[in-house]
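Please look over the sequence and the model shown here before reading the notes that follow.

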Number of protein chains: 2
Amino acid sequence: MDPTDTISKTEENDLSVALENVVLGPDGQPLSKKALKKLEKEKEKLLLKQRRAAELAAEKAAKESSQVDYAASNYGYSPMNQSTEKTNTEWLSIRDLANATVGSSVIVQARVQTSRPTGARMCFLVLRDGTYTVQSLVIANKDTISKQMVKFADNIPAESLVKIVAKVVKPDEPVKSCTISELELHIDTIFVVSKATETIPFSMEDATRPQTEFIKDPTLVKVNLDTRLDNRVIDLRTTTNNAIFKIQAAVCRLFREFLDKREFIEIHSPKIISAASEGGANVFKVSYFKKSAYLAQSPQFYKQMCIAADFGKVYEIAPVFRAEDSNTHRHMTEYIGLDLEMSFKEHYHEVMYLIGELFIHIFSNLEKQYSHEIEIINRQYPFEPLKFTDKPLKLDFKDAVSLLREAGVEMGDHDDLSTANERILGKIVREKYDTDFYMLDKFPLAVRPFYTMPDPNNPGYSNSYDFFLRGEEIMSGAQRIHDSNFLEERVKSCGVDPETVRDYINAFKYGCSPHAGGGVGLERVIMLYLNLGNIRRTSLFPRDPRRLDP
Amino acid sequence: MDPTDTISKTEENDLSVALENVVLGPDGQPLSKKALKKLEKEKEKLLLKQRRAAELAAEKAAKESSQVDYAASNYGYSPMNQSTEKTNTEWLSIRDLANATVGSSVIVQARVQTSRPTGARMCFLVLRDGTYTVQSLVIANKDTISKQMVKFADNIPAESLVKIVAKVVKPDEPVKSCTISELELHIDTIFVVSKATETIPFSMEDATRPQTEFIKDPTLVKVNLDTRLDNRVIDLRTTTNNAIFKIQAAVCRLFREFLDKREFIEIHSPKIISAASEGGANVFKVSYFKKSAYLAQSPQFYKQMCIAADFGKVYEIAPVFRAEDSNTHRHMTEYIGLDLEMSFKEHYHEVMYLIGELFIHIFSNLEKQYSHEIEIINRQYPFEPLKFTDKPLKLDFKDAVSLLREAGVEMGDHDDLSTANERILGKIVREKYDTDFYMLDKFPLAVRPFYTMPDPNNPGYSNSYDFFLRGEEIMSGAQRIHDSNFLEERVKSCGVDPETVRDYINAFKYGCSPHAGGGVGLERVIMLYLNLGNIRRTSLFPRDPRRLDP
């Protein structure tokens, strides 16, 4: 029996549910702070109890295995690896097991996700490596695997890292609970490479539980987001999180792949800057030796300087800092910006359509190359596959206003889109054009920054665009004003003092190609693509006004 | 005649040389601040004089061209591009001219780098686009190109952007001063797309002058580094700088390409952190709402957390911040770190050799794929091609000490390498092994941080390594301690209070694979590879204790 089972699952669940769904007590009223503290204390006690039980069991197992044991050399704790051996061993990852021959012997290193004994002679382990899991059995026999060895395996603390030698076996029935379902492993030797010395704050099973199961059974243990983020190193181990961050890396790779092919140059612009852009609102201040400096809110000025310096086409993937005190599902104080800027010869649509195709390149290749990861994430957080067209759909702002008015929304011609109206528009466009992704062109001039190029043919409008995914904005961009005199004129008519942006204006005094660009929030794209509901799930170690740790 | 020629080149040079080599007056004594200011003022006056002369000449030209001119429709100023046309014009870049057919007509957009008239009927322009230049001629004829048009072309302010239609012609002799030497362009029409409205602070010729020419003629105008950095948007336009930043982008691309193929996952770790690592020295402080935070000096803790979270192999390319008041040729307060971390099965050499091969992948592909850029940079900053071996050379620290002692250097077995000794060692290794790149393994434990894994077979040494390029360190790495108990032990014996690194120690309590990694400074690699002598030349907008602008 699992030693932690001495505490009933129900007891733990009750506590956890109360703790996690922090708002309501048994009377349906929100719990007081004191009551919450008491609950936390009880939970701590419970954990301590669990830990003690586990330690006792381990000690007992150790004693037993010190008796004469014919399997003694087939299990145990490896000494800490200090790089003393080079044996040319062929290791197999659990993923590659799918191609292993039934009957062959393999060497695998993986985490013990769970262990479950069935009697004294057999023990089931679920082993995990990244986004892959496999069922593994230790079955006692008369000469190589003893009951002590079975017990040892069963008592390995969850999340310890083990090295096993095992035979590849076809199970009687597919193992549905594991990602490798057509094969299982029968363990010959098992050594703990790195032991989890503390009981983990939540189990991987709880942390990976599909959202749909809570609908069926609301009493199931739910690991809430703050608990996850407080223990991020454990939380990131779930197959779901491993998959989310593979998708994140893939989006960056596909972004660069598309742009590298088109001869963009990757740049690295400074993040510590001397002047707070746009009047100093929402900017983090830095002590810089005896002076003050600020953290860059956007690489835009630098991207444009690179265009003025004849780099032609540039992109940057880098952190962006916003000192906004917003505590919402979609704001962070530090996020990764995917920024690009490109000089063009005739029309900013050269740039806008290129960015549109860039997104379609990303979406279609995620589907093609990352179906395994998407499936893993889908198990826990189900979502509808993204609908998108082969060529990016473009609508004009005017059309959007008409569509919204047809749907009963009241708005002025030159009003900006509210978040609510963006959502409504997303639904209308999806129904009408069968796509979750589209580009909205020609925004009203008044709702865009001073550096936006006005549309000469449509007074009151501008050569600017936003891109939308599932009804939320993921990118904002425009043709920028490349003529310093005209820029100064626009600065003044927007009521900005030209002296506050003198360096910016001056950068265009030495001739500059017409250019356009845009900026994308990496985490937001991933949140919307995977429909994860909270941007913190798409950031390794998210930062918001209240969170700076870990 | 060039209108700016009304001021003698010598006059300008004398002033410039005095200003740039700021230290000495005509008496060989350092100039007083007052004298310097006076010089600056004179320089300003001179620039004003030049500008006025240019304006007058332009006006005169404009007047002349307003007379009946049969070429009037073939030149002039284009209106500011506001994206009104989509003509499907086929534009050619200067680079692609190399493959153009002699006699064909091409459309090109480029900068006017210089213009030089020869009489009233002909004008030579050097046109530039990125790292490519081509000679272009406007030659008056009887029906399509007038003398006014020649004059107009000659008077286009340097660095203006023009669009031309031209015929591809084989010149009588190769044009050595341009990168496209086997072809030249005979211009049919020329329009200024974006005019340089201010005279540039230094000419592209001065800014691109080969270092070797100053040896032959020390009176030549030299643009010093601070002047360059103050006017970085102009400075970055030189073919040399365009090439340097293509190399920079290439290093990042090759780094990722190598690691992506080996299934590394790209990560993005936070740059705003709650606690100052390593006691708070050299850390920038940030105001974070009502609290204080710090800028990350290294992603190491986060890379290791990702290993503990089963990401297996990770890398990050991101800014790193160091509040060190060092004003040297090789220190910046913000630079780009190429960081990687990898779990291994048996021996940290799996990681060390992988990093060694990574560098060789980068060096050899730079040579293969960027020979044009390297040649461009070499013209201005000559350097010997890097010598490196097919397989990375590995030396042990002990061997290095022996080699240094043989060369007469006195040092203890466990002393760290001084910068001077690194250089000497670089020379010895180059002579003995014919390579500028090598790995130094097994550093003394005492000179490495507490998290470094000791070498169990060689007391006093550790499983750590530095990599060297042309005698300077470019990467530092090690096997890290993955066992929390042992880590705590080492923390204590290094005299560090474990409570100050509690979170770090705790991250390894839940089992962690053995792992190793390292961190590379992007700009330092490029400075040494290209032998540029100052790290600021390899950063778009460098930051040091004294420089926060632009």
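Predicted model: local features only at pLDDT ≥ 70, side-chain atom pairs only at ≥ 80, totals over all residues.

Residues are numbered from 1 along each chain as its sequence is written, chains are lettered from A and ligands numbered from 1 in the order in which they are written, and side-chain values use heavy atoms, with hydrogens and water left out.

**The interface of chain A and chain B**

- Contact, which means heavy atoms within 4.5 Å, links 111 residues of chain B with 111 residues of chain A.
- About 9500 Å² is buried between chain B and chain A, and carbon and sulfur atoms give 58% of this area; buried area is the accessible area (1.4 Å probe) that two parts lose on being put together, summed over both.
- The rule finds eight salt bridges across this interface, where a salt bridge is a side-chain nitrogen of Lys or Arg within 4 Å of a carboxyl oxygen of Asp or Glu.
- One salt bridge brings together the side chains of Arg95(A) and Glu263(B), at 2.9 Å from N to O.
- Between chain B and chain A, 67 residue pairs are in polar contact, with both residues at pLDDT 80 or more; a polar contact is a pair of N or O atoms within 3.5 Å, and within protein one must be able to donate a hydrogen and the other to accept it, while residues adjacent in sequence count only if both atoms are side-chain atoms.
- On the side of chain B that touches chain A, helix H9 (residues 239-261) of chain B gives the most, with nine residues; helices (H or I, at least four residues) and strands (E, at least two) are DSSP runs, numbered from the N terminus.

**Strands and sheets**

- Strands of a sheet pair through backbone hydrogen bonds, either parallel or antiparallel, and two strands are counted as a pair if DSSP finds at least two bridges between them.
- In chain B, strand E8 (residues 272-273) pairs with strand E10 (residues 291-295) in the antiparallel sense over two bridges, and Ile273(B) has Tyr294(B) as its bridge partner in E10(B).
- Strand E9 (residues 285-288) of chain B also runs antiparallel to E10(B), joined to E10(B) by four bridges, with Ser287(B) opposite Ser292(B).
- The hairpin of E9(B) and E10(B) has two residues between the strands, and in this hairpin Phe289(B) takes a positive phi near 50 degrees.
- In chain A, eight strands form an open sheet of mixed pairing, in the order E7-E11-E12-E17-E16-E15-E14-E13.
- Strand E7 (265-266) and strand E13 (393-396) of chain A stand at the edges with a single partner strand each, so one side of each is left without a neighbour in the sheet.
- E7(A) pairs in the parallel sense with strand E11 (residues 313-321) of chain A over two bridges, and Glu266(A) has Tyr315(A) as its bridge partner in E11(A).

**Points of the backbone**

- The peptide bond from Asp549(A) to Pro550(A) is cis, with omega near -10 degrees, and Pro550(A) is found in the segment after helix H17 (522-529) of chain A.
- In chain B, a cis peptide bond joins Asp549(B) and Pro550(B), with omega about -5 degrees.
- Glu263(A), a residue other than glycine, has a positive phi near 65 degrees, and Glu263(A) is found in the loop between helix H9 (239-261) and E7 of chain A.
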